[in-house]
Amino acid sequence: MNLLFPLGLAALAAWLLPLLIHLARRHPYTPLDFAALRWLRAQIRPRQRIRFDDWPLLLVRLLLLAALALLLARPALTGSAARPSAWTVVAPGLDARALRGTGKEGRWHWLAPGFPTVEQPAPTTPAPLASLLRELDAQLPAGTALTVHVPDPLPGLDGARLQLSRPVQWQAHPMTLASAQATVASPRLRVHAEAPASARHWIGALQRAWSPQPAAAELPADTLPARGEIAVWGRTDALPAAWQAWLHDGGSVMTAATPVAAATVVLRSAEGAPLLWQQRVGQGRLLSLPGEWDAAHNGALRDARLPQALLLALQPPAPPRVGDARDHAPRQAVLPATAAAPRELTPWLLLAIVLLFALERGMASRAARRPA
């Protein structure tokens, strides 16, 4: 136990107050004249000793002042506190009752928003497990043991490897998950009506290679594409003013014009030659596939691998969110060593002061009613 404010012990000097009060309030002795002793020679009075009346009351008052002084000194306990109860979380989809067995020790919760107990029904709404583990790690007190039961393969992953502030008992349970292959949705191309016929023919063949769905209708000269669509100019001259404003506000345009020097190559041909460039214009992106869009005269457009490569360049697939659970066991982050916060005894001292004050008042009232 340490004192956070040792100077508060100076209040112990107040102990003089009850001592002086008890000395001043001793029971008085009234002298009485007695006839038979009037003519006796006066004797030297014996030295009187200091004697306190009601010493239990004095002791209670001294304890009360000592408790007040100790409260001012702010005593606190340092060192390791009692280890909190361990936590066990189970990912939805696993049988929590079977994992828990007959043992009732510890705290078992679902790895779901709010972390409900396993006695409640299993959550059905999917949630990112990695984010939930980071949230739980931030909420649990330091030193709490954590055990995590997850399915293998593990869904709900994000791009970063888990790093928690505590070691984790990672339990992976093989189970069959619904296969979800990462597919690339076909981008919606809208060709300008003034594009050359060869360009419109090649774009139509490209979209039929991507999806059996019919191609989108051509855009009239005074119409802008919808948000999320890729506008196809198909010509080498400058874009119309309305298209330039739409591109600057976040649209995507694909043109046959020569790219600027700041553009980056996002697709190459089978021979390694640059084929598709991309550059940022405001909040939008400008895709440049320079040259004549005529498969009869442009050999690169007849490559059988071009449709899939161009699809991946225009709309890349989402990163995978399912992986091997054993490979994604959390690592313990290296945190700077911090001393445990002292635990002050203020509530207990306040309770002791209240009890001592009540005891002192009761004893003082009885002493006041006592006959002289």
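Q: What makes strand 2 and strand 15 a pair?
A: Strands count as paired if DSSP finds at least two bridges between them. Strand 2 (residues 75-77) and strand 15 have two bridges, in the antiparallel sense, so they meet that rule. Alanine 76 sits opposite glutamate 344 of strand 15. By the way, this is a predicted model, where local features need pLDDT of at least 70, side-chain atom pairs count only at pLDDT 80 or more, and totals for chains, interfaces and linings use all residues. Residues are numbered from 1 along each chain as its sequence is written, and side-chain values use heavy atoms, leaving out hydrogens and water.

Q: Why do strand 1 and strand 15 stand at the edges?
A: The open sheet has three strands in the order 1-2-15, paired antiparallel. Strand 1 (2-3) and strand 15 (343-344) each have a single partner strand, so one side of each lacks a neighbour in the sheet. Strands here are DSSP runs (E, at least two residues), numbered from the N terminus.

Q: Why is threonine 255 called buried?
A: Buried means under 20% relative accessible area (exposed is over 50%, partly exposed in between; 1.4 Å probe, protein chains only). Threonine 255 comes in at 3%, so it's buried. This residue belongs to strand 10 (residues 252-255).

Q: How do you know that serine 288 is buried?
A: Its relative accessibility is 2%, so serine 288 passes too. You'll find serine 288 in strand 13 (residues 284-288).

Q: What makes Thr255 a contact of serine 288?
A: Contact means heavy atoms within 4.5 Å. Not counting residues up to four places away in sequence, serine 288 touches several residues, including Thr255 and Trp277.

Conventions: Helix = DSSP H or I, 4+ residues; strand = E, 2+ residues; numbered from the N terminus.
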